Amino acid sequence: MFRSAVTVDNFYWLDQIQTSDRAFVGDQAYYLSSLLQKGYPVVPGFVISGEDFRSFLGAINWLDPLFADLPSSSLYIDIENSRQLQEIARQIRQSIQAAPLSPERLAQISRVVNSLASSVVMLRPSISLRPDIVRQSARVPGFHELRGLLETQVCWNDPESIAQALKNIWSEFFRARSLFYWQRSGIQLQTINLAILVQPVYPALAAGIVQVRNTTLTIQGSWGLGVALMRGDVVPDIYQVQADSSTVLSRQLGYKNLAYRLGLAASNPPQSADACLELYTLSEEQQRQSVLTETQLQALIQLTRTLVAELGNTLAFEWLLDIEAQPDYSRFHLSQIDPFYLVERRSEARSRPLTEVSRSPVGSNRQASSGIPNPAEVPKKLLTGLAAGRGRAIATAKVLTNPVKVPINIPSGSILVLPFVTPDWLPLIKRSAGIITEQGGMTSHGAILARELGIPAIVGAAQATQLIRTGDRILLDSDRGTVYRLELPLPESPGEIATGETDDQILLA
């Protein structure tokens, strides 16, 4: 029988969280705690409840009357007005960053963080709806996909760094993209509980993501800590695996020239937060190597199959290959020399159907496209990146090399290709069939907006604006993070967007 999860200082430990604590610790922490308590190898940690967030906001001396009741506000913003959206977000975040934390509370948090025995810690947002409306969350579009909306913070284990990391996360709650999401989803701010999961950062040989959809496992991996993959600094190795038989269907070596590792011990006074992670260049030999050995790959597959048997065949999680610790794998019959840890469990929704631009002129009689290209077309793989959205799209590419200058208009239903995305692009992205960006990771503006708008997207696709030309007819597969050029051009007349259910009927080279 578990002890009460909450301590005298209002902290919740992962190995003690109970079902009744879910609304206070957030969904992410609750999911991980349930896995940890079932014996899965989860990085330990504790949760700072949303009460700290509300108390902090309530203690700020707001200068603008608009924000005076922010802790209990249903703040309305015109999300179509990008300038107003960004200005309001800037004012709120500046007030949060300027306000001090309670010295007594910070001392309590620091003492508990010290018990993790790690010089570097990770603070991960964990969100849930208020207990009295939690049953309504299923009716909130995309609420299960809050992953990446608020960025994880990594910092030194010292009071000053911890305070800054906490305020960074609380500020993220009011970023333009966050306010856009809350308003678009009809979620009032006072109904959201923002808890923070604190965990030690282990030195990692490799890290990545596993996605499970029906009978297929997709494993992504890169060297070092998972930061390089999440930020879009690398293109990971990708393994496609048949779940039932553990057969590896395909292997794709990524482009992994950079990696992150733990920095040197913090100085006194502490170095900048960025110094706790060190970016380094991999040797040419390591760049050519697969991240996982065959033994490690099979161990990760077996661990995933065990999770699927217990949780179902639609899930995703982040994994970490630790170079020091030795978790107990006895219940999985796995090798003790392959210490995998589960870092984050993700919710995965069913893929969107493929979206294709119709070949019929606007206003003509036509049937919805099935989304299947003509068999005569042979797709040519152009590039790969991070799969940031859902589903696939076939449309004409529109390449824009100056993302700072937002064009007045573009053809509706185009796939936008550009270096990066800012909130100013929202009106155009809403009318696009998909987006491809050269920069950015899973928490970039482009990735977040694509997920919330429900369109296919790939980020971190190097040289996309050079390899793709305006007018190219392309297939954007954001399930696999791949872009293909289709040989037959689209007619110059404008088209409509049509949707149709699709499986794996498209020939992919």
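Modeller: pLDDT is the predictor's confidence in each residue, from 0 to 100. Helices (H or I, at least four residues) and strands (E, at least two) are DSSP runs, numbered from the N terminus. The chain averages 77, and 75% of its residues reach 70 or more. Over residues 329-337 the pLDDT is below 50; this stretch still has 26 contacts in the model beyond near neighbours in sequence. Contact means heavy atoms within 4.5 Å. Residues 348-378 also stay under 50, with 89 contacts beyond four places in sequence.

This is a predicted model: local features need pLDDT of at least 70, side-chain atom pairs count only at pLDDT 80 or more, and totals for chains, interfaces and linings use all residues. Residues are numbered from 1 along each chain as its sequence is written, and side-chain values use heavy atoms, leaving out hydrogens and water.

Now the sheet. It is open, has five strands in the order β1-β2-β5-β3-β4, and pairs antiparallel. Two strands pair if DSSP finds at least two bridges between them. β1 (11-13) and β4 (153-156) stand at the edges with a single partner strand each, so one side of each has no neighbour in the sheet. From one strand to the next, the twist averages 30°. Axes are lines fitted to C-alpha atoms, for helices over the stretch in contact; angles run from 0 to 180 degrees between N-to-C directions.

Inside the sheet, β3 (residues 120-129) and β5 (residues 192-200) pair over nine bridges. Leucine 123 stands opposite valine 198 in β5. Helix α1 (residues 22-37) packs on the sheet and touches β1, β2 (46-48), β3 and β5. Its direction makes about 120° with that of β3.

Serine 49 lies in the loop between β2 and α2 (50-59). Its relative accessibility is 6%, so serine 49 counts as buried (under 20% relative accessible area; exposed is over 50%, partly exposed in between; 1.4 Å probe, protein chains only). Residues touching serine 49, beyond four places in sequence, are Asn10, Tyr12, Phe24, Leu194 and Ala195. With asparagine 10 there is a side-chain polar contact of 3.2 Å. That term means a pair of N or O atoms within 3.5 Å; within protein, one must be able to donate a hydrogen and the other to accept it, and residues adjacent in sequence count only if both atoms are side-chain atoms.
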